[in-house]
Amino acid sequence: MATPHRGSPYCLLLLLVVASVAAESQPDEAELLLQIKRAWSDPPALAAWSAAGAHCQWPYVGCDSAGRVTKLTLVDINITGTIPDAIGRLYSLTHLDVSNNSIAGVFPMALYGCRSLRYLNLSYNHIRGELPDDIGDNLGAKLSTLDLSFNEFNGTIPATMYMLQKLRCLWLNNNHLTGTIPVDLGKLASLKMLWLANNPFDAGKLPASFKNLTNLANLYVSNCSLVGDFPSYLVTMSELEVLSIDDNSLTGTIPSGIWGLRNLVVLSVSNNNLTGDVVVHSFTAMSLIIIDVGENKLTGIIPEIFGYLENLTYMYLYDNNFSGKLPPELGRHSLGLSHVEVDFNELTGTIPEGLCTGGNLQYFTASSNRLNGSIPLDLANCATLQDLVLSNNQLSGDVPQALWRMGRLTHVVLENNNLTGSLPAIMSSNLSTLRIGTNQFVGRIPAEAVGLRYFKADNNQFSGEIPANLGYGMPLLDTLSLANNNLSGRIY
């Protein structure tokens, strides 16, 4: 038989048949959206989803130029129930975000039908059960973001997860995942963000295969039951911006190369068993915002370079064995410095003068060291200061009166020093804790501190009568200790 010509009736008939079959196989996406709405018991947020309007104009729905649904963004709209199967028939869907709702059930395998899916966010829900073994085979080869965090998934991370080769962001944190961290995750070479934190994994090392994740910018593996030495290959991951590996059982030292990661902005390794000095050979991590090495067994001096970090905002060095002085320039160059916590070390010397240079300091805690000298006037004048904890040191001199005028101050703990000075008659209304026992304060007890709940001023040299109306001036007070002073009178 001769080949039919392009414009023959045969070809026209064939095209009509093909078009008819295609039309029959293409789902009515407006009806699918209405099915989804009904499955979720018609939540008020989806009231505008009705047969009366064009579905591409409905809230939370995005379409392409052909009118096909490509995007559903249904964040925090009080959805309950499970993920309806109808979503799996939105074949052009590339973006699905149903985070921060009350969705339950198990992982919705109906999503395997969304072969174009690039972004999937099911986080902050109540989805439970094990992740399907075939998730990597069937979830979609184009997927670049998968966020399953803050759910109730259990079981192990499926071995097939590494088959999602386009993944750039993988969030599995804050679930109930067990087993060990799969070695094959190291094959996800495109990953930029990997969050596995806060899962009860079996004790094990961070896989050595992770050294192949050379594009990784954000690694969050806190509270993952990690053991062994600090992974030395992390110093070769030049793109790292956030390294959070705290709340594990890591041993060994912090490799000096960590401070050579020039893109690093967050280093959090607290609550491990790390030892040794903080050794700096070549420091290029000048963009650091957070340094958290607290609750380890680190020794030696605090690197002076920390005082020159312009972006430093949070510095947590507490519960170690650091010695020497606090960096003298601390605060002078870090104008956003907000939190400095160096309690329970062996620090000596004076408190740096410039801690509040930028006017942003909120917390300075340095208890249980051997600091000496006086409380700097600039620190006492810090209008943003909320917590000042300097107990169990060797501080002396008058506490500047300016400190007691700071309106945001809520906790002042200065006990067990050699400090002198007096307290004003009226204290800031925000002050809730004042612990100044075992010092050499003189003068009278304040008559008014309306926010004070805890007042400990024993073992000082206060004198005169206790204010007769102390109960009225301090109406919230539930703990009071004034023993071993030179006070008289009665408390009403």
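Tutor: Gladly! Let's begin with a definition: a disulfide is counted here when two cysteine sulfur atoms lie within 2.5 Å. In general terms, a disulfide is a covalent bond between the sulfur atoms of two cysteines. Keep in mind that this model is predicted.

Student: How many disulfides does the structure hold?

Tutor: There are two disulfides in the structure. If you number the bonded cysteines of the protein chain in sequence order, they pair as 1-2, 3-4.

Student: Which cysteine is bonded to Cys56, and how far apart are the sulfur atoms?

Tutor: The partner of Cys56 is Cys63, and their sulfur atoms are 2.1 Å apart.

Student: Is the disulfide of Cys56 and Cys63 left-handed or right-handed?

Tutor: Look at the torsion about the S-S bond: for Cys56 and Cys63 it is about -95°, so this disulfide is left-handed.

Student: And where does this pair fall between buried and exposed?

Tutor: Here you need the cut-offs: buried means under 20% relative accessible area, and exposed means over 50%. Cys56 has 23% relative accessibility, so it counts as partly exposed. Cys63 is partly exposed too, with a relative accessible area of 25%.

Student: What about the disulfide of Cys356?

Tutor: Cys356 is joined to Cys382, with an S to S distance of 2.1 Å. The torsion about the S-S bond of Cys356 and Cys382 is about 60°, so that disulfide is right-handed. This pair links distant parts of the chain, 26 residues apart. Cys356 sits in the loop between β24 (346-347) and β25 (363-365), while Cys382 is in the loop between α4 (377-380) and β27 (387-389).

Student: Are Cys356 and Cys382 buried or exposed?

Tutor: Both Cys356 and Cys382 are buried.

Student: What does the UniProt record say about residues 27-64?

Tutor: An unreviewed UniProt entry places the feature "domain: Leucine-rich repeat-containing N-terminal plant-type" there. In the model, residues 27-64 are 29% helix and 8% strand, and the end C-alpha atoms of the span lie 16 Å apart.

Key: Residues are numbered from 1 along each chain as its sequence is written. This is a predicted model: local features need pLDDT of at least 70, side-chain atom pairs count only at pLDDT 80 or more; totals for chains, interfaces and linings use all residues. Side-chain values use heavy atoms; hydrogens and water are left out. Buried means under 20% relative accessible area, exposed over 50%, partly exposed in between (1.4 Å probe, protein chains only). Helices (H or I, at least four residues) and strands (E, at least two) are DSSP runs, numbered from the N terminus. UniProt positions are given in the numbering used here, feature names are shortened, and annotations may be inferred rather than shown by experiment.
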